[in-house]
Amino acid sequence: MSTEAAAGQFGPPVIRVENLVTRVGGRVLHDGLDLELRRGEVVGVVGGSGTGKSVLLRTIIGLNRHVGGRIEVLGQDVGRLNERELRQLQTRWGVLFQDGALFSAQTVAQNIQVPMREHTDLAPALMDELAAVKLAMAGLPADAAMKFPSELSGGMRKRAGLARALALDPEILFLDEPTAGLDPISAAQFDTLVRDLQKSLNLTVFMVTHDIDTLRATTDRIAVLVDKKIKVGTFDTLVHDPHPWIQQYFSGVRGRAALAAS
Ligand SMILES: Nc1ncnc2c1ncn2[C@@H]1O[C@H](COP(=O)(O)OP(=O)(O)OP(=O)(O)O)[C@@H](O)[C@H]1O
């Protein structure tokens with residue numbers, strides 16, 4: 001499928017990044033970067049280590065200031081929002097950070113309720129019920145609610161982080177390396193979960209990943225971060241891109257295996 005056809009089957013843009021320039025630690029990481037995500041699509045962001053994928057995610061959600069360009073999320077210019085407006089907008093997306101970022105001294109249920117406590121004044125009993133629903137959505141057993149993160153496997157911790165990301169019924173899900181550190185079976189199960197949730201909730205998903213199998217299994221389009229910019233394509237189009245890093249990534253042994261499997 002062409003990139004245009006892949007984008008064309010989705011709704012209006014929910015994330016629009018135009019001519020983005022970011023500088024971190026005195027270094028320009030993104031320089032004239034453009035990216036658009038439409039409602040209901042899953043876009044995977046790949047690129048070499050240290051190219052600024054996580055920084056891009058953090059910049060889009062307003063945790064890093066950009067020095068140039070414009071970021072629009074759900075129709076709002078992220079760079080122009082005051083703290084209160086940004087907090088309001090943050091209730092419309094969920095984030096699964098790379099390390100899960102669960103609070104170790106809180107149970108899984110309490111972790112899932114963090115965004116609810118921060119952004120709503122729901123009664124505790126209702127928050128307990130909602131946490132149970134989110135746990136089930138993330139494919140965790142009910143008894144995981146009272147466990148602490150240290151009592152869970154890596155895959156279960158990812159699911160708990162996902163349950164927390166779903167706490168406020170988000171429109172957009174930001175996932176940073178969701179399958180990193182998982183064995184191949186758990187990673188494949190997580191891929192299926194993300195795809196199922198996307199479909200049932202019509203989520204738009206922005207996913208940073210290194211995992212070529214995850215890209216193949218879950219994404220509609222792929223955004224490659226090279227030379228401080230984004231090149232967007234699909235598996236089928238990017239395999240023909242002459243850029244050396246893209247060639248190496250998609251036409252290497254793993255890329256060929258993933259393509260053959262799709
Ligand atoms: N707060 C910060 N202060 C200074 N430098 C930073 C900061 N955050 C990130 N960096 C640097 O910016 C660069 C990009 O980091 P980022 O985490 O976005 O890379 P990445 O593409 O996600 O890499 P990886 O695939 O290895 O996770 C790295 O060199 C990193 O050390």
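Me: What radius of gyration does the protein have, and what would a compact globule with 262 residues have?
Reply: The model is a predicted one. For 262 residues, a compact globule would have a radius of gyration near 18 Å. The protein agrees with that, so the value for the protein is 18 Å.

Me: How many helices and strands does the secondary structure come to?
Reply: Along the principal axes, the C-alpha atoms fill a box of roughly 55 × 45 × 35 Å. The secondary structure inside it comes to 11 helices and 10 strands.

Me: Among contacts between residues at least 6 apart in sequence, what percentage join residues at least 24 apart?
Reply: Buried residues make up 40% of the 262 residues. For the contacts between residues at least 6 apart in sequence, the share that joins residues at least 24 apart is 67%.

Me: Is Ile112 buried or exposed?
Reply: Ile112 is found in helix H4, residues 108-119. A residue needs 20 or more other C-beta atoms within 10 Å to count as buried. Ile112 has 31 of them within 10 Å, so Ile112 is buried.

Me: How are H4 and H5 oriented to each other?
Reply: Two packed helices are described by the angle and the distance between their axes. The axes of H4 and helix H5, residues 124-137, come within 9 Å and cross at roughly 110°. Angles of 65 to 115 degrees count as roughly perpendicular. H4 and H5 are therefore roughly perpendicular.

Me: Which residues in H5 do those of H4 meet?
Reply: H4 passes H5 in a right-handed crossing. From H4 come Ala109, Ile112, Gln113 and Met116, and they meet Met127, Asp128, Leu130, Ala131, Lys134 and Leu135 in H5.

Me: How do the residues of the contact of H4 with H5 divide by class, nonpolar, polar and charged?
Reply: Ile112 of H4 and Leu135 of H5 are among the residues that meet. The residues of this contact divide into seven nonpolar, one polar and two charged.

Me: How is H4 oriented relative to H6?
Reply: The axes of H4 and helix H6, residues 154-165, come within 8 Å and cross at roughly 30°. Angles under 35 degrees count as roughly parallel. H4 is therefore, relative to H6, roughly parallel.

Me: Which residues of H6 make the contact with H4?
Reply: The crossing of H4 and H6 is right-handed. On the H4 side the contact is made by Val108, Asn111, Ile112, Val114 and Pro115, and on the H6 side by Ala160, Ala163 and Arg164.

Me: What is the phi of Asn19?
Reply: Most residues other than glycine have a negative phi. Asn19, in strand S1 (residues 13-24), is not a glycine, but its phi is positive, at about 55°.

Me: Is Asn202 buried or exposed?
Reply: Asn202 is found in the loop between helix H7 (184-201) and strand S8 (204-208), and has a positive phi of about 50°. A residue with 12 or fewer C-beta neighbours counts as exposed. Asn202 has 11 inside 10 Å, so Asn202 is exposed.

Notes: Residues are numbered from 1 along each chain as its sequence is written. This is a predicted model: local features need pLDDT of at least 70, side-chain atom pairs count only at pLDDT 80 or more; totals for chains, interfaces and linings use all residues. Helices (H or I, at least four residues) and strands (E, at least two) are DSSP runs, numbered from the N terminus. The radius of gyration is taken over C-alpha atoms; the globule rule is 2.2 Å times the number of residues to the power 0.38. Two residues are in contact if their C-beta atoms, placed from the backbone, lie within 7 Å. Axes are lines fitted to C-alpha atoms, for helices over the stretch in contact, and angles run from 0 to 180 degrees between N-to-C directions. Angles under 35 degrees count as roughly parallel, over 145 as roughly antiparallel, 65 to 115 as roughly perpendicular and the rest as oblique. A crossing is left-handed if the near helix is turned anticlockwise from the far one by less than a right angle, and right-handed if clockwise. Ala, Val, Leu, Ile, Met, Phe, Trp, Tyr, Cys and Pro count as nonpolar, Asp, Glu, Lys and Arg as charged, and the others, Gly among them, as polar.
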